[in-house]
Amino acid sequence: MLSGKSCYIQETHYDILSVKEDATHEEIRTCYRFAILNSHPDKLANASETSPSHNGSEERFFKVQKAWEILSNPRSRALYDSELRSSRQDVVTAEDISLEDMMVEDGGDMIELFYQCRCGDYFSVDSLELGKMGYPLLRDGSKISLLRGDALPASVVLPCGSCSLKVRLLINSDICVSIDDNM
């Protein structure tokens with residue numbers, strides 16, 4: 001599991017290949033080829049002469065291989081996607097929240113979303129993190145909304161910055177929030 005500053009997310013095969021979860025087979029294949037070339041042990045052997053350690057890159061190579069094995073086959077990909085959706089729903093959270101429940105801070109290049117925890121700290125996520133997960137925030141004047149490519153329910157689990165509580169941010173493409181109202 002990866003535990004970043006504000007998001008509790010698992011590194012998926014999609015993350016390993018740097019593709020969105022709704023990527024086509026051709027997009028996945030293109031990203032796989034790029035990733036495998038950049039992590040291939042033979043290519044890295046030349047780099048290891050100048051750099052003392054590349055044992056993490058061998059692990060990366062195997063992760064890329066495994067991701068391609070799963071995502072290149074339609075049946076195994078469908079099963080993986082189902083397990084991934086299920087695992088995201090199994091996390092115990094203090095409550096479910098929506099975009100309209102969050103406070104919004106516009107930092108220019110990035111929008112930060114906050115929700116206050118009962119301990120006094122905040123659950124937070126920014127537009128860059130949401131974009132990496134496949135949920136870009138759209139800004140239209142003083143309003144923001146989440147863009148979703150599919151109609152399936154989605155969510156992101158956010159940990160508190162201080163305590164062990166987590167909330168689930170429900171992704172709903174119909175919600176639009178005014179930046180002015182939440183600042």
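Me: What makes Arg168 count as buried?
Reply: Arg168 has a relative accessibility of 7%, and because buried means under 20%, Arg168 falls in that class. This value, like the others here, is computed from a predicted model.

Me: How do you know that Arg168 and Asp96 form a salt bridge?
Reply: Their side chains come to 3.4 Å, N to O, and since the cut-off for a salt bridge is within 4 Å, the pair qualifies. Arg168 belongs to strand 10 (residues 166-171) and Asp96 to strand 3 (residues 95-98), so the contact ties together parts that are 72 residues apart in sequence.

Me: Why is Asp96 called partly exposed?
Reply: Its relative accessibility is 44%, and because the class lies between under 20% for buried and over 50% for exposed, Asp96 is partly exposed.

Me: What makes the contact of Arg77 with Asp81 a salt bridge, and is each partner buried or exposed?
Reply: The closest N and O atoms of Arg77 and Asp81 are 3.9 Å apart, which is within the 4 Å that the term requires, so the pair is counted as a salt bridge. Arg77 has a relative accessibility of 14% and Asp81 a relative accessible area of 16%; because the limit for buried is under 20%, Arg77 is buried and Asp81 is buried. The two residues stand four apart in helix 5 (residues 74-89), a separation of about one helical turn.

Me: Why are strand 4 and strand 6 called edge strands?
Reply: The open sheet has three strands in the order 4-5-6, with antiparallel pairing, and strand 4 (103-106) and strand 6 (122-126) each pair on one side only. From one strand to the next, the twist averages 25°.

Me: What makes strand 5 and strand 6 a pair?
Reply: Strand 5 (residues 111-116) and strand 6 share five bridges in the antiparallel sense, and because a pair needs at least two, they meet the requirement. Tyr115 stands opposite Phe123 of strand 6.

Terms used:
Residues are numbered from 1 along each chain as its sequence is written. This is a predicted model: local features need pLDDT of at least 70, side-chain atom pairs count only at pLDDT 80 or more; totals for chains, interfaces and linings use all residues. Side-chain values use heavy atoms; hydrogens and water are left out. Buried means under 20% relative accessible area, exposed over 50%, partly exposed in between (1.4 Å probe, protein chains only). Axes are lines fitted to C-alpha atoms, for helices over the stretch in contact, and angles run from 0 to 180 degrees between N-to-C directions.
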